[in-house]
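Subject: Structure handover

Hello,

I am passing on the structure we talked about. Please look it over before reading the notes below.

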Amino acid sequence: MDRRHQQSVGLAVGGHDESAPRPADRGAVDPGDHTAGGPAQARRSSVRGDVLGDALLDRTHRIADLEVRLGQLEADRVAERKRADELAAAHPDVSGLLRERDELQLEVRRLGAELHEARELCVAAEDRCDLLERQLDAVEKSTASLPVANAPQDMPKILVVDDEPGNLLAMTAVLATLDQELVTVASGREALKALLDHDDFAVIIMDVQMPEMDGYETCAHIKRRPRNRDVPIIFLTAMGVDPEHSARGYAAGAVDYISKPFDPWALRAKVAVFTSIYLERRAQQ
């Protein structure tokens with residue numbers, strides 16, 4: 001590249017050429033330049049115009065490229081926005097779906113707990129059925145060997161203790177089919193008095209929750225008397241048969257524990273078993 005071309009490029013890049021005459025000196029003539037104002041100046045102007053044109057063309061191409069990229073980005077933005085609108089239309093409330101999922105999970109856990117409880121109740125019911133079947137077998141076997149009673153008075157009595165008149169009436173109706181005399185009292189003290197007046201009770205059915213003297217205390221007093229200590233006592237309770245209450249009842253001397261509301265058939269079967277035991281013991285005396 002000759003000197004004049006380098007000077008022209010320098011003008012295009014740097015803005016001016018230090019070796020070129022300043023605007024104020026354009027009319028002056030360099031004493032050493034015999035061609036001033038001639039063809040050299042025209043060539044420099046032509047080169048400068050070419051460089052500026054190339055630079056302008058390059059800027060135009062870059063602008064066009066940036067416009068293309070900007071248009072592509074705008075198209076991508078519109079497509080993403082459309083996709084977001086479609087998702088929002090398909091699932092208008094994601095938070096609602098999350099809440100519904102959480103509620104379903106809680107429902108699954110609750111149903112699982114209920115299923116576990118139902119299985120435990122099923123096992124307890126099967127155990128109870130087994131017990132009742134054994135008691136029924138005992139009743140059937142003992143009935144075959146029982147002595148024939150000549151009159152209803154030969155049958156032992158049943159003592160029922162409950163402070164609620166409605167419960168006394170219900171148990172009287174349930175046990176009336178056994179053709180045995182029922183002695184009903186409303187307190188623990190009356191039960192102790194009835195045991196002094198009669199000595200032929202086959203079984204005592206006693207409520208646990210009673211005022212003044214509850215079933216546990218009454219049972220303890222009965223078991224202290226040699227005359228009555230062998231009379232079996234069945235506890236009735238509305239508190240539920242949990243290990244604590246049943247353990248306390250057995251410790252007081254009870255032989256069985258039934259929760260309210262009770263099964264009439266089961267109560268009659270239990271009373272029949274203890275009645276047969278009482279009759280066998282009396283026949284051996």
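Predicted model: local features only at pLDDT ≥ 70, side-chain atom pairs only at ≥ 80, totals over all residues.

The chain has eight helices and five strands, and from the N terminus on the elements run α-α-α-β-α-β-α-β-α-β-α-β-α. Of its 285 residues, 27% count as buried. The chain exposes about 19300 Å², with carbon and sulfur atoms supplying 56% of that area. Among contacts between residues at least 6 apart in sequence, 65% join residues at least 24 apart.

Strand S3 (residues 201-207) has seven of its seven residues buried, so the strand is largely enclosed by the rest of the structure. S3 pairs with two strands. With S1 (residues 157-161) the pairing is parallel, over five bridges; with S4 (residues 233-237) it is also parallel, over four bridges.

Gln-180 lies in the loop between helix H4 (165-175) and strand S2 (182-185). Its relative accessibility is 10%, below the 20% cut-off, so Gln-180 counts as buried. The side chain of Gln-180 makes a polar contact of 3.2 Å with the side chain of Thr-275. Apart from neighbours within four places in sequence, Gln-180 is in contact with Met-155, Pro-156, Ile-158, Val-271 and Thr-275.

The whole structure contains ten salt bridges. Some of them are as follows.

- Glu-74 and Arg-77 form a salt bridge with the closest N and O atoms 2.8 Å apart. Both are in helix H2 (residues 39-90), and because they are three residues apart, about one helical turn separates them. Glu-74 is partly exposed at 39% relative accessibility, and Arg-77 is partly exposed at 49%.
- Asp-58 and Arg-59 meet through their side chains at 3.4 Å, N to O, in a salt bridge. Arg-59 is partly exposed at 47%, as is Asp-58 at 36%.
- Arg-101 and Asp-102 form a salt bridge at 3.2 Å, N to O. Asp-102 is partly exposed at 34%, and Arg-101 is partly exposed at 44%.
- Glu-107, Arg-110 and Glu-114 are linked in a network of salt bridges.

Regards

Technical notes. Residues numbered from 1 in each chain as written. Heavy atoms only, no water. Buried < 20%, exposed > 50% of the residue type's maximum accessible area, 1.4 Å probe, protein only. Pairing = 2+ DSSP bridges. Polar contact = N/O pair within 3.5 Å; in protein donor to acceptor, adjacent residues only side chain to side chain. Contact = heavy atoms within 4.5 Å. Areas by Shrake-Rupley, 256 points an atom, 1.4 Å probe, with all protein chains shown as cover. Salt bridge = Lys/Arg side-chain N within 4 Å of Asp/Glu carboxyl O.
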